Amino acid sequence: NGLRLMRSIGAPSYEIYGLERVEVLKGPASALYGAGSPAGVINQVQKRARFEDFNEVGLGAGDPRDFQGYFDVNRATGETFAFRLTGIARDTEQDIEEITDTRGYIAGATRWLITPTTTLDLLGSYQKDDPITPAGLPYNVASDTRSRRDLYIGDPSFDDSDRRMANIGYELRQEIAGGWSLYQGLRYQSFDWDYRGFYTSGPAVDDTVTRGVIWQDEDTSTVNVDTRLQGQVATGAVAHDLLLGLDLRHYDDNTTTQFGSSSPFVIGDGSTRRAVVSEPWFTSVSDLKLDQIGVYAQDQLAWDKWRGTLSLRHDWARQKGTTFTNFAGATDVDEDDSKTTGHA
């Protein structure tokens, strides 16, 4: 919804059925959105309440085993208030039989026309699933034509995954005289993931695969606020679409990562699937807070058939907290950065 979904390692996975559209902004967009990939920005937009009544209820099945049930209900109560409720429950078997993923998702949205020029949207969602990443195969096994894609070297009795993500926020739009408008979006995000699984730690020797274990405990939260003023002015024959904005972000990261050793797996010997796992030999703990402030301005110019865009942004970021590993001990983190970004 125009605000960044935060995670220290990778990105959170948001349920696609809960989206009304996906927008792809190609190319560098740091002047508007801050630090990011030069490839562009993907904006996932949650389903909004509308001033109409409709229902959708469905069941689905697929192969490999996949079952799901879903619903999407929207109601308008008069001409100034509407609400929408969306949900899905899914049980999916991956290409590897021992690995499944069950997901539940529920989301609510309301829209209130406070005045003819003021609109308030409330948006909330909760998602819970339990994905497991396959341990993978050593190259010399994966390239052997005798091997199967669905060969799993992990231990389902040890694998465990519990991922939860909650989002709640609002979007406020205020039309102002003279064609100007003010927008503010705010979202609180909580992301928690407790995970343990296997990985391969070397090539196979005589069909024996060396494997390791990873434990990951993530507990993060984010507050995003973005406020924008937008309007149009003209200077002679040139039309200007102006955008002025301020965005604020606070991110708390409490993550513990551990690695351990496991008994090997012998291809063709099912009795070796049950793993004997060691105590962790490596532990990393992060307790960090990130605060970021960005101010930005953009001018989209139009003259006859010519178009131009000029953007400028400045960010201030501060990271504080501690990191710890059992090899290096504890380290205090206190870092300040700032950067000006331009785009033409």
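The model is predicted, so local features are reported at pLDDT of at least 70 and side-chain atom pairs at pLDDT 80 or more, while totals for chains, interfaces and linings use all residues. Residue numbers start from 1 along each chain as its sequence is written, and side-chain values rest on heavy atoms, with hydrogens and water left out.

The overall architecture comes first. The protein chain contains 2 helices and 16 strands, taken as DSSP runs numbered from the N terminus (helices H or I with at least four residues, strands E with at least two). The C-alpha trace spans about 80 × 50 × 40 Å along its principal axes. Accessible area, computed by the Shrake-Rupley method with a 1.4 Å probe and, for residues, with only the protein chains shown as cover, totals about 18,800 Å² for the chain. Carbon and sulfur atoms account for 57% of that surface. Of the 344 residues, 37% count as buried; here buried means under 20% relative accessible area, exposed means over 50%, and partly exposed lies in between (1.4 Å probe, protein chains only). Among contacts (heavy atoms within 4.5 Å) with a separation of 6 or more, 65% join residues 24 or more positions apart.

Moving to the interior, in soluble globular proteins nonpolar side chains tend to be buried together. A nonpolar core is taken as a set of buried Ala, Val, Leu, Ile, Met, Phe, Trp, Tyr and Cys residues joined through side-chain atoms within 4.5 Å. The largest such core has 27 residues, and Tyr 152 and Phe 198 touch the most other members. Strands β6 (100–115), β9 (180–200) and β11 (211–235) each supply at least two of its residues, with β9 giving the most, at 4 residues. Leaving aside residues up to four places away in sequence, Phe 198 touches a set of residues that includes Ala 135, Tyr 152, Phe 158, Arg 211, Val 213 and Ala 275.

Charged side chains are considered next. A salt bridge requires a side-chain nitrogen of Lys or Arg within 4 Å of a carboxyl oxygen of Asp or Glu, and by this rule the count comes to 27. Arg 164 takes part in a salt bridge with Asp 162 at 2.7 Å, N to O, and in another with Asp 194 at 3.8 Å, N to O. The pair of Arg 164 in strand β8 (residues 160–176) and Asp 194 in strand β9 links distant parts of the chain, 30 residues apart. Arg 228 is partly exposed, at 23%, whereas Asp 226 is buried, at 5%. Salt bridges with shared partners also join Glu 15, Arg 90, Arg 103, Asp 129 and Arg 163 into one network.

Aromatic rings were searched across the whole structure, giving 11 pairs. Rings of Phe, Tyr and Trp (its six-membered ring) pair if their centres lie within 6.5 Å, and planes under 30 degrees apart count as stacked, over 60 as edge-to-face and the rest as tilted. The Phe 158 and Trp 215 rings have centres 6.2 Å apart and planes at 80°, so this pair is edge-to-face. Phe 158 lies in the loop between α2 (139–142) and β8, and Trp 215 in strand β11, so the pair ties together parts 57 residues apart in sequence. Phe 158 and Trp 215 are both buried. Tyr 199 and Phe 259 likewise form an edge-to-face pair, with centres 5.9 Å apart and planes at 85°. Tyr 199 sits in strand β9 and Phe 259 in strand β12, so parts 60 residues apart in sequence are tied together. Tyr 199 is partly exposed, at 24%, and so is Phe 259, at 22%. Ring pairs link Tyr 199 and Phe 259 with Trp 281, Phe 282 and Phe 327 into a cluster.

Finally, the surface carries a nonpolar patch of Leu 246, Leu 248, Ile 293, Val 295 and Trp 316, with about 400 Å² of accessible area together. Patches are made of residues with over 30% relative accessible area and no salt bridge, like charges being joined within 9 Å and nonpolar side chains (Val, Leu, Ile, Met, Phe, Trp, Tyr) within 5 Å. Strands β12 (238–261) and β14 (282–303) are the elements that give two or more residues to the nonpolar patch. Trp 316 is found in strand β15 (residues 306–325) and is partly exposed, at 43% relative accessibility.
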